[in-house]
Amino acid sequence: MRRRGPTGGVLGEGCVVTEEPILKLERLQKVFGGKIHAVDGVDLEVRKRETLALVGESGCGKSTVARLALRLTAPTAGTIAFEGRDITKLPQWKLKSIRRRLQFVFQDPYSSLDPRVTAGASITEPMFVHGLVGFGAKRKAKAGELMEKVGLSARHVDQWPRQFSGGQRQRLGIIRAFSVEPHLIVADEPVSALDVSVRSQVINLLQDLQETVGTAYLFISHDMATVKHIADRVAVMYLGRIMETAPKETFFSAPHHPYSQALLSAVPSSHPRRKRQRVVLPGDPPSPAKTPSGCRFHPRCPMAVDRCRNEVPELRAIGKDHQVACHFAAPNPLNVNELLPAGSTATA
Amino acid sequence: MTAPLLSVEGLRLAFGTGEDAIEALRGVDISIGPGECLGLVGESGSGKSLTAFTTMGLLPTQSQVVAGRVMFAGQDLLQKSERELEQLRGNDLSMIFQEPMTALNPVMHVGEQIAAPLRRHLGLSRKAARTRAIEQLDLVGIPDPHARVDNFPHEMSGGMRQRTMIAMALACDPKLLIADEPTTALDTTIQAQIIELLNGLRRELGLSILIITHDLGVIAEMADRVAVMYGGRVVEESPVDKLFDEPLHPYSKGLLRSTPDIDMPVARRLATISGAVPHVTELPSGCTFHPRCPDRLEICSKEAPEEKCVGAGRRVACWARDVS
C-alpha cells in the first residue's frame, strides 16, 4: 500500500483505529421545493485514508451529497454519521468542533477565496478559528510555512487572491483545507477548472498531502480519467441515487451497471487509433423533478425490461466491496454460458 | 495536396496601439483542406479562440490585425468589408460555441433562429424556412422536431441546445464549420453524442471542421490533423496519430504526458509541466515556452524559433528539435 499510517498527533495516543467508516450516509434524501428529489436515498461510506470518487453527470446530485456530508445544508431524511457520531441534526455551534476534522475544497478557485482577504490570512483562517495559531507575526509565519508546502513562495503571504493564477488559488484552497490536518476532505471537482498542464500538478499535490496527513477524500468528479488516477473506490450516481460502488480496479475493468458501462464508454479515447466501442445512450438524463418509475435509468437503458419500469432495484452486493443497483446484476453478467443450462453453449 | 479551403498565414493580432500594444497572436499559420478536420489545441490564453474569431471577422474591440492574411476559397477575409463578411458568415463559414445557452437568443423560438440565416442568405419564405428548420433539427437528431421547432432555448437540455446550434450553423450548407469548445460544457455521455454527430455530419456533408479544444480526447476522436498552440503561436503541427505516437515539441509532449489516461495502467504520479500558462501581457522573451521547458537551450530565451518542416505534414517550432 502506498499510504502511510497516521502521522500521530492527529488521532492522538490511545485512539483505537477501528474499521468504522469515517463518513457514513444512510438513506440520505434532499428534496428541494417539495418536488425536486436531488438526493433520493443515498447510502455511502468513506473509509479512513481512502479516496472515494463520487462520479456522475450534472444534475445527478453529487454536489448536493457533498454539501450534505459537510452539513452545509440539512437533509430532508436519512442520517449522516461522521466518525461514528450522528451529525444529522447537530446544531451549527456544535458542528464547529467537527469541522476541524472535516474540510472541503471547491471547484472554483476564483470564488472560494475572499477577494478582500490576503492569501496568508485566508489560508490560516481555519487554524485561527480552531485556536491552532496565534496572532500577527506568528500567524503570518505559519501562513508562509503553509504556502511553501504547496509550492508557493512565502513572500506572497500578503498578496490578494486576484494576484494569483487559477492553479495557485486552488493550491491556496487546498492548503487551507489541509492546515488543520482533517480526517476527511470533501473535494468537489477540485481540478476541473484548471488548465491541463496545471491540473496534473494539483492532482499530485492532492495525493502527496493525503499521504503525509493521512486524510480520506470524498472526491467528486465527472472526469473518469482523473478518477481512475486518484480513487481507491468509485461510486456512480444517477438522478439522486447510487447505481454502483466498486473498488477502482473492478470498476474500470468490469463495470456492472449499464449506466457505468455507458459512462465509461463515452470517455473520449486517448489515442486516435484506440477508439472505443460506444454504448451511446439515447436522450438526456431526465429532470430530478420527474424521476421515472422503477429503475430511474430505465428510459435510457439498453437492457430495460418491464420489471425495470415497475420495480426499484436495490443496491446489493455482487462481489467483494462491489454493489450494484440493477435487476440484471449478477456476479458475471457478461458470461452468457453461465446462464444457460449445463451442457449447452451460446452461439454467436 | 489540394488547395486548402482556409489558410491563415502569419496572423498577428494586437490589443492597443504603439508602445502599449499587447500581441496576443504572434504569427499564426494554419490551413484546412476541403472535408478535413483540423484540431486546434491549447490551454487558456494560447490564442486558439482568438484565431477562430479573427477568421470569422469577429475581432474583439480594441484589437487590430498587425500582419497576415486569412485566405478562404481564394479571398482574403481580412480585406472584406463588414457587408461582404455578412454574406459569408452563416453561409460559407459558420461557427458554434462552447455555451449554447448564451449563443442562442433566449426570447426567440429555436425554429426562428434556425430559419434566420436561411431567410437572409437563401431568401426562403417564412414557410419554406420553417420546413427547412424542421429538417435541420431532424438532421442533428433532435427527436420530435415538429414540436421542438417551437421551443424556446430554456425548454431544451444542454445537449439539445448544442444540437440546435449545430442545426443553425449548418442551415445554409457552409463549407467550413468552426467549433469552439463545442463539448466542454456538456456531460461525458452528451459529449459522446455530439462528437458522433459532428463526425457523422462531416462525412455526410463533406464539411471542413476547425475544432478548438483543450481536451486531447476530443482531438483524438475528431481531428485528422492537429495544431498545438502556446503563447499566441502554433508550436507544432502534425497528423493526429503521429502527434499522439511521438509528439515533438516539449510542450506537446508535456501535455500528452500530464493528461491522465483512462486506457493505461495508473502511474503513481502524473508527469507535469512546471509553472503555469503565462498571461498574455507577460509573455516571456524568445520562445514563450522556455521558462517551463525541460529541453531549454541558451538561445531559447533570446530568439523565437521558426516553425520548421520535420517530415510528412509535420512542423515544429523548437530550437531543441533543430538538430540535423
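A residue counts as buried under 20% relative accessible area, as exposed over 50%, and as partly exposed in between. The exercises below use this rule on a predicted model.

**Exercise 1. Is B:Arg83 buried or exposed, and where is it found?**

Step 1. Take the relative accessible area of B:Arg83, which is 69%.
Step 2. Compare with the cut-off: exposed means over 50%. B:Arg83 is therefore exposed.
Step 3. Locate the residue. B:Arg83 belongs to helix α2 of chain B, residues 82-88.
Step 4. From C-alpha to C-alpha, B:Arg83 and B:Asp241 are 41 Å apart in space. In sequence they are 158 residues apart.

**Exercise 2. Describe chain A as a whole.**

Step 1. Count the elements. Chain A has ten helices and twelve strands.
Step 2. Look at burial. Of the 348 residues in chain A, 52% are buried.
Step 3. Look at contacts. Take those between residues at least 6 apart in sequence: 62% of them join residues at least 24 apart.
Step 4. Chain A exposes about 15,300 Å². Carbon and sulfur atoms supply 53% of that area.

**Exercise 3. What span is expected for helix α4 of chain A, and which residues are buried?**

Step 1. Helix α4(A) covers residues 136-149, which is 14 residues.
Step 2. At 1.5 Å a residue, 20 Å is expected. The first and last C-alpha atoms are 20 Å apart, close to that value.
Step 3. List the buried residues: A:Arg139, A:Ala143, A:Gly144, A:Leu146 and A:Met147. They lie on the same side of α4(A), because they cover an arc of only 165° around the axis.
Step 4. Turn to the face pointing away from the buried side. It carries the exposed residues A:Ala137, A:Lys138, A:Glu148 and A:Lys149.
Step 5. Find the cover. The buried residues of α4(A) are covered by elements including α3 (119-129) and α5 (166-178) of chain A.
Step 6. See what follows the helix. A:Gly151 comes after α4(A) and has a positive phi, near 75°.

**Exercise 4. Why is α5 of chain A described as largely enclosed?**

Step 1. Check the length. The 13 residues of α5(A) should span 18 Å, and the end C-alpha atoms are 18 Å apart, so the two agree.
Step 2. Count burial. Twelve of the 13 residues are buried, so α5(A) is largely enclosed by the rest of the structure.
Step 3. Name some of them. Among the buried residues are A:Arg169, A:Leu172, A:Ile174, A:Ile175 and A:Phe178.
Step 4. Name the cover. It includes the helices α3, α4 and α6 (196-213) of chain A. It also includes the strands β6 (102-105), β7 (184-188) and β8 (216-221).

**Exercise 5. Trace three salt bridges.**

Side chains of opposite charge can pair when their charged atoms come close. Over all chains, the structure holds 40 salt bridges.

Step 1. Start within chain A. The side chains of A:Glu45 and A:Lys24 meet at 3.7 Å, N to O. A:Glu45 sits in strand β2 (residues 36-46) and A:Lys24 in strand β1 (residues 23-32), 21 residues apart. A:Glu45 is partly exposed at 24% relative accessibility. A:Lys24 is partly exposed too, at 30%.

Step 2. Cross between chains. A:Arg278 pairs with B:Glu196, and their closest N and O atoms are 3.2 Å apart. A:Arg278 lies in the loop between α9 and α10 of chain A, and B:Glu196 in helix α8 (residues 188-205) of chain B. A:Arg278 has 16% relative accessibility, so it counts as buried. B:Glu196 has 39%, so it is partly exposed.

Step 3. B:Asp150 and B:Arg130 form a salt bridge at 3.0 Å, N to O. B:Asp150 is in the loop between α6 (145-148) and α7 (158-169), and B:Arg130 is in helix α5 (residues 126-139), so the pair ties together parts 20 residues apart in sequence. B:Asp150 is partly exposed at 36%. B:Arg130 also has 36% and is partly exposed.

**Exercise 6. Which residues make the nonpolar surface patch of about 230 Å²?**

Step 1. The residues are A:Met303, A:Val305 and A:Phe328.
Step 2. A:Val305 is in the loop between α9 (258-265) and α10 (306-310) of chain A.
Step 3. Classify A:Val305. Its relative accessible area is 36%, so it is partly exposed.

Note on methods
Residues are numbered from 1 along each chain as its sequence is written. Chains are lettered from A and ligands numbered from 1 in the order in which they are written. This is a predicted model: local features need pLDDT of at least 70, side-chain atom pairs count only at pLDDT 80 or more; totals for chains, interfaces and linings use all residues. Side-chain values use heavy atoms; hydrogens and water are left out. Helices (H or I, at least four residues) and strands (E, at least two) are DSSP runs, numbered from the N terminus. The expected span of a helix is 1.5 Å times one less than its number of residues. Buried means under 20% relative accessible area, exposed over 50%, partly exposed in between (1.4 Å probe, protein chains only). The arc is that of the directions from the helix axis to the C-beta atoms. Contact means heavy atoms within 4.5 Å. Patches are made of residues with over 30% relative accessible area and no salt bridge: like charges are joined within 9 Å, nonpolar side chains (Val, Leu, Ile, Met, Phe, Trp, Tyr) within 5 Å. Accessible areas come from the Shrake-Rupley method with a 1.4 Å probe; for residues, only the protein chains shown count as cover. A salt bridge is a side-chain nitrogen of Lys or Arg within 4 Å of a carboxyl oxygen of Asp or Glu.
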